[in-house]
Amino acid sequence: MSLDGTYDAGNIFAKILRGEMPAAKVYEDDHVLAFMDVFPQSKGHTLVIPKHSTARNFLDEAPEVVGPLMLGVQRVARAVRAALTPDGLVITQFNGAPAGQTVFHLHFHIIPRWEGVALGRHAEGMADAAELKELAAQIAAKIS
Ligand code: 5GP
């Protein structure tokens, strides 16, 4: 998928938003939903998506959605830090398949990093559902 194209309402994140697919939810407000990545690149890898959006990528997004979305990303990133005390955090986002994007509903990755712990491969290796639920609860408890 290139940068240009039509939003597909059958994408996995749209299904999560409609409640058609399960997710280990961390945080939700009027603008964003945060949940655990099922193929985490590190412990606590969390995704933040806009709820009312048909943007496939960041370039597509309506400017008025960007502000509340980024506030949500910061709020969740702070909670990830407070819950898991990583040494660092990657906050990233891919636009178009050649850039690494695999799900075409705009999303931000929050990936905690620890000294000496290698980053896992992108979108590979499914996590245990119970473990993700527990991590989601730990992070949710630190949302402020
Ligand atoms: P992208 O590659 O588009 O930047 O990121 C998509 C992310 O969604 C990947 O990190 C991948 O592991 C994650 N992902 C793919 N399918 C699912 C799913 O069904 N549930 C959740 N929670 N994450 C998913």
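This report describes helix packing, salt bridges, a surface patch and selected residues in a predicted model.

Residues are numbered from 1 along each chain as its sequence is written, and side-chain values use heavy atoms, with hydrogens and water left out. Because the model is predicted, local features need pLDDT of at least 70 and side-chain atom pairs count only at pLDDT 80 or more, while totals for chains, interfaces and linings use all residues.

**Helix packing**

Helices (H or I, at least four residues) and strands (E, at least two) are DSSP runs, numbered from the N terminus. The axes of α2 and helix α3 (residues 129-140) come within 8 Å and cross at roughly 105°. Axes here are lines fitted to C-alpha atoms, for helices over the stretch in contact, and angles run from 0 to 180 degrees between N-to-C directions. The two helices α2 and α3 are therefore roughly perpendicular to each other; angles under 35 degrees count as roughly parallel, over 145 as roughly antiparallel, 65 to 115 as roughly perpendicular and the rest as oblique. On the α2 side, the contact is made by V76, A79, V80, A83 and L84, and on the α3 side by L135, Q138 and I139. Contact means heavy atoms within 4.5 Å.

**Strand β5 and residue I110**

I110 lies in strand β5 (residues 108-113). This residue is buried, with a relative accessible area of 0%. Buried means under 20% relative accessible area, exposed over 50%, and partly exposed in between (1.4 Å probe, protein chains only). Leaving aside neighbours within four places in sequence, I110 is in contact with G44, H45, T46, V48, V73, V76, A77, V80, L89, V90 and I91. V76 and V80 are among these contacts of I110, and both are also among the α2 residues that make the contact with α3. I110 and S42 are 68 residues apart in sequence, and their C-alpha atoms are 9.7 Å apart in space.

**Salt bridges**

A search of the whole structure finds three salt bridges, each defined as a side-chain nitrogen of Lys or Arg within 4 Å of a carboxyl oxygen of Asp or Glu.

| R18 | E20 | 2.8 Å |

K51 is partly exposed at 21% relative accessibility, and E28 is partly exposed at 44%. In the R18 and E20 pair, R18 counts as partly exposed at 45% relative accessibility and E20 as partly exposed at 47%. In the remaining pair, E124 is partly exposed at 42%, whereas R121 is exposed at 61%.

**The loop between β3 and α2**

The loop between β3 (46-50) and α2 (63-84) holds F58. F58 is partly exposed, with a relative accessible area of 31%. Together with L3, L59 and M70, F58 makes a nonpolar surface patch of about 350 Å². Patches are made of residues with over 30% relative accessible area and no salt bridge: like charges are joined within 9 Å, nonpolar side chains (Val, Leu, Ile, Met, Phe, Trp, Tyr) within 5 Å. Accessible areas come from the Shrake-Rupley method with a 1.4 Å probe, and for residues only the protein chains shown count as cover.

E61 lies in the loop between β3 and α2 as well, but E61 is buried, with a relative accessible area of 10%. Not counting residues up to four places away in sequence, E61 touches P50, S53, A55, V66 and L106. The C-alpha atoms of E61 and L106 are separated by 7.9 Å, and the two residues are 45 residues apart along the chain.

**Loops on either side of β4**

T85 is found in the loop between α2 and β4 (88-92) and is exposed, with a relative accessible area of 58%. Most residues other than glycine have a negative phi. T85 has a positive phi of about 40° although it is not a glycine.

G100 is found in the loop between β4 and β5 and counts as partly exposed at 22% relative accessibility. Beyond its neighbours within four places in sequence, G100 is in contact with F94 and H122. G100 and L3 are 97 residues apart in sequence and 11 Å apart in space, C-alpha to C-alpha. L3 is one of the residues of the nonpolar patch.
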